[in-house]
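Hi there,

Here is the structure I promised to pass on to you. Have a look at it first, and then read my notes below.

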Amino acid sequence: MALHIKRIYEPKDDKDGMRILVDRLWPRGLNKQDAAVDIWLKDIAPSPALRRWFGHDPAKWTEFQRRYRDELEKNPSTVEELKRQIGQSDATLLYAAKDLHHNHAIVLQRFVGEDSRIP
């Protein structure tokens, strides 16, 4: 299983596998057909309070990662739902943030990847 991340505004690719939107809000300016989303898991996104606090400020990146991982650990059913949806196939976590290096999909990809190595 390969778990990728990508901006939802990038074109769909055959290598994407299952396309899972992991944002709480629908991306601006994008219709559902063009998005080609297989599943929308709103509840796996950072809480609205955490998202507002972070504001995509790279200076807050380290603390954001810690806080978001804490939210994920406290919400195991949502993480398990993501894992069930991914299964043993390739999947791509889709996000709308403009910052390619400081966004919640990166944290989520790592979190799921680390957790999947646990026997």
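His56 sits in the loop between helix H2 (48-54) and helix H3 (61-73). Helices here are DSSP runs of H or I with at least four residues, and strands are E runs of at least two, numbered from the N terminus. The phi of His56 is near 55°, a positive value in a residue other than glycine. Most residues other than glycine have a negative phi. His56 is also partly exposed, with a relative accessible area of 37%; buried means under 20%, exposed over 50%, and partly exposed lies in between (1.4 Å probe, protein chains only).

Ala36 has a positive phi too, of about 50°, and belongs to the loop between helix H1 (32-35) and strand S3 (39-40).

This is a predicted model: local features need pLDDT of at least 70, side-chain atom pairs count only at pLDDT 80 or more, and totals for chains, interfaces and linings use all residues. Residues are numbered from 1 along each chain as its sequence is written, and side-chain values use heavy atoms, leaving out hydrogens and water.

Now for the inside. A nonpolar core is a set of buried Ala, Val, Leu, Ile, Met, Phe, Trp, Tyr and Cys residues joined through side-chain atoms within 4.5 Å. The largest one has 25 residues, of which Ile20, Ile44, Tyr68, Leu82 and Leu108 touch the most other members. Among the elements giving two or more residues to this core are H2, H3 and helix H5 (104-116), and H5 gives the most, with six. Apart from this core lies another, of six residues, including Ile8 and Leu21.

Happy exploring!
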